[in-house]
Amino acid sequence: MKLTPLSLSSKTGFGPYRLHRKGIHFVGTEPSPLKYHVLADKKSEQNYGLQGMNHLLPGKGKVHSKLPTRAFLKKDKIYAWCSCGYSGSQPLCDGSHNSIRVPDLKLKPVRFIPDKDMEVWFCNCKQTKNRPFCDGSHKDLKVEDKLEGIFD
């Protein structure tokens with residue numbers, strides 16, 4: 001085998017992922033969505049776990065994706081999970097529920113403060129009964145066929 005600079009390089013792929021190194025990201029995948037959020041620190045008067053009553057609000061948000069998102073949470077950081085499904089930075093809230101373009105769903109973000117470093121699966125279908133975590137509700141979702149019934 002002939003050694004070339006390309007064969008000695010640890011970079012793979014073409015296009016936007018050509019600079020991703022082997023072992024850090026698989027080619028064609030995205031980094032963790034939590035990487036781009038500025039997460040506030042817990043205040044001394046706040047308890048661990050779910051904050052407020054937003055996780056008990058009735059109604060379900062718009063399905064963003066049928067698959068949950070794995071996230072590594074850090075102790076004493078505040079995470080705000082999007083419950084409406086309109087956030088551009090899923091699974092966390094970016095304030096889109098306050099936008100004019102979003103229907104008035106009366107859904108607010110669910111805030112969670114972990115008491116230790118942990119790995120969780122955030123729900124992306126927004127139909128979970130265990131907000132903000134996935135409970136497998138995405139398995140029961142029906143795919144909407146937009147053409148169904150137009151020829152009846």
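Phe-133 is buried, with a relative accessible area of 17%. The model is predicted. In it, Phe-112, Phe-122 and Phe-133 form one aromatic cluster. The structure holds 2 aromatic pairs.

**Aromatic cluster**
- Phe-112 and Phe-133 pair edge-to-face, at 5.1 Å centre to centre and 90° between the planes.
- Phe-112 belongs to strand 4 (residues 110-113) and Phe-133 to the segment after strand 5 (118-122), so this pair ties together parts 21 residues apart in sequence.
- Phe-112 counts as buried because its relative accessibility is 10%, and the cut-off for buried is under 20%.
- Phe-122 and Phe-133 are stacked, because their ring centres are 6.1 Å apart and their planes lie at 10°.

**Charges over rings**
- Lys-42 lies over the face of Tyr-48, 4.7 Å from the ring centre.
- Lys-62 places its charged end over the ring of Tyr-86, at 5.0 Å from the centre.

**Second largest pocket**
- The volume of the second largest pocket is about 200 Å³.
- Lining this pocket are 11 residues, of which His-64, Ser-65, Leu-67, Thr-69 and Asn-124 are the closest to its centre.
- The lining of the second largest pocket has 7 polar and 4 nonpolar residues, and no charged ones.

Note on methods:
Residues numbered from 1 in each chain as written. Predicted model: local features only at pLDDT ≥ 70, side-chain atom pairs only at ≥ 80, totals over all residues. Heavy atoms only, no water. 1 Å grid on protein atoms, 1.4 Å probe; cavity = no way out; pocket = protein on both sides within 12 Å on 5 of 7 lines; lining within 4 Å. Points joined across faces, edges and corners; volume = space filled by probe spheres on them. Nonpolar A, V, L, I, M, F, W, Y, C, P; charged D, E, K, R; others polar. Phe/Tyr/Trp six-rings, centres within 6.5 Å; stacked < 30°, edge-to-face > 60°. Helix = DSSP H or I, 4+ residues; strand = E, 2+ residues; numbered from the N terminus. Buried < 20%, exposed > 50% of the residue type's maximum accessible area, 1.4 Å probe, protein only. Lys NZ or Arg CZ within 6 Å of the ring centre and 35° of its normal.
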